[in-house]
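Keep the sequence and the model in view and try each task before you read its solution.

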Amino acid sequence: IGMLSNRKVLSNTEIVDRVKPATVFIETEDGAGSGMIIDADGHILTNAHVVWDVTAAKVKLSNGKILSAEVVGRDEIVDLAVLKVVGSDFPRVIFGDSDSITQGEDVFTLGYPFGLEGDVSFKDGTISRRISDSDATYLETSAEIHPGNSGGPLVNKYGEVIGINTASFGKEIEGITVGETIKLAIPINVAKGLIPELKGGREIVIGHKQYEPESKSQSPTNTGLEIE
């Protein structure tokens, strides 16, 4: 999984054309989320909390095709998981370099907000800053990340994935977020080193309540991190 050799700034339409075919809808018994195909063999990268406590999921491609996926590896500390669908010649995303992303740079999110199976949602924004929570580092973006967008790609102006949409901070009253909301993504460079291990069956499971369907708004340290 490499970076594009001939990098060219893409229009919004070109970004959608490049990334949408590799953006998938993931559904389990407990909910739904998004993911991205990372190789032609059908490995899919998503958040671990999207496939919490399940070994299989239903995956729907942007062309409407529905496939069964096996969860082959997960790391709930980093909140990443890899699924596998049977097949070949799948469209895939291209990884960029999240270390080189700069404040104010244009970024775009793709996914299936609110668990709706319709067309892939496309939102634009900018990189606000890097933000740290305990030992983890996130990219904060102004691009919308709604429930269901989790696991979907955050891409740069070249159509390269530079993050995995994962969560938002915000004050919530009866399910409605009010005031400032901070949208976060896991930098793709964090995932790059883990993907081979996740493909190989890495299984790191923790007992945090944020993975429970009825308690997703709770973080392990009660910092207000809201897992989508």
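**Exercise 1. Find which charged residue lies over the face of Tyr 158.**

Step 1: Look above the ring of Tyr 158, and you meet Arg 7, at 3.9 Å from the ring centre.
Step 2: Check the rule: a charge sits over a ring if NZ of Lys or CZ of Arg is within 6 Å of the ring centre and within 35 degrees of the ring normal.

A word on the source: this is a predicted model, in which local features need pLDDT of at least 70, side-chain atom pairs count only at pLDDT 80 or more, and totals for chains, interfaces and linings use all residues. Residues are numbered from 1 along each chain as its sequence is written, and side-chain values use heavy atoms, with hydrogens and water left out.

**Exercise 2. Describe how Phe 25 and Tyr 112 are arranged as an aromatic pair.**

Step 1: Learn the rule: rings of Phe, Tyr and Trp (its six-membered ring) pair if their centres lie within 6.5 Å; planes under 30 degrees apart count as stacked, over 60 as edge-to-face and the rest as tilted.
Step 2: Count the pairs by this rule, and you get two.
Step 3: For Phe 25 and Tyr 112, the centres are 5.3 Å apart with 75° between the planes, an edge-to-face pair.
Step 4: Strands (E, at least two residues) are DSSP runs, numbered from the N terminus.
Step 5: Both Phe 25 and Tyr 112 are buried, where buried means under 20% relative accessible area, exposed over 50%, and partly exposed in between (1.4 Å probe, protein chains only).

**Exercise 3. Decide whether Asp 79 is buried or exposed.**

Step 1: Find Asp 79 in the loop between β5 (66-75) and β6 (80-85).
Step 2: Its phi is near 70°, a positive value in a residue other than glycine.
Step 3: Asp 79 has 6% relative accessibility, so it counts as buried.

How values were computed
Helix = DSSP H or I, 4+ residues; strand = E, 2+ residues; numbered from the N terminus.
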